Amino acid sequence: MTKLTNLVLLIDDEPKIRRFLRAGFELHGGFSVQEAEGAAEGLRAVTFNSPDLIILDLALPDRRGSEVLETIRSWSDVPIIVLSVESNEEEKVNLLRAGADDYVVKPFGMA
């Protein structure tokens, strides 16, 4: 059986960010979107739903996003885009070395 749409998993505790990203992916990209408010919920979703892309916030209420990244990378090569309000270049480099595919600084535009 083939998938009709690609699944994007949004792991972010900010409802406004999730709504904004969901609208962009669903309306303009034809993706289906699953949301997770924290690390534990996000890791469960990755395990059971095999997303095609993960958008991962670094500041989660129950665990650092960098730890979530390392956990996922220990068993999956799904593309991961990290979101953060931090624009520290050293942190960006460390996260890219740890396996992030890209790093986007908040605020950002959908284009």
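A: Helix H1 (residues 15-29) lies across E1, E2, E3 and E4. Its direction is about 165° to E2. Such axes are lines fitted to C-alpha atoms, for helices over the stretch in contact, with angles from 0 to 180 degrees between N-to-C directions. Contact means heavy atoms within 4.5 Å. Helices (H or I, at least four residues) and strands (E, at least two) are DSSP runs, numbered from the N terminus.

This is a predicted model: local features need pLDDT of at least 70, side-chain atom pairs count only at pLDDT 80 or more, and totals for chains, interfaces and linings use all residues. Residues are numbered from 1 along each chain as its sequence is written, and side-chain values use heavy atoms, with hydrogens and water left out.

Now the sheet. It is open, has 5 strands in the order E2-E1-E3-E4-E5, and its pairing is parallel. Strands pair if DSSP finds at least two bridges between them. Strand E2 (32-36) and strand E5 (102-105) are the edges, each pairing on one side only. Neighbouring strands are turned by 20° against each other on average, direction ignored. E1 and E2 run parallel, joined by 5 bridges. Leu7 stands opposite Ser32 in E2.

Next, the core. The largest nonpolar core has 20 residues; Ile54, Leu56, Ile72 and Ile80 touch the most other members. A nonpolar core is a set of buried (under 20% relative accessible area, 1.4 Å probe, protein chains only) Ala, Val, Leu, Ile, Met, Phe, Trp, Tyr and Cys residues joined through side-chain atoms within 4.5 Å.

Technical notes: Buried < 20%, exposed > 50% of the residue type's maximum accessible area, 1.4 Å probe, protein only.
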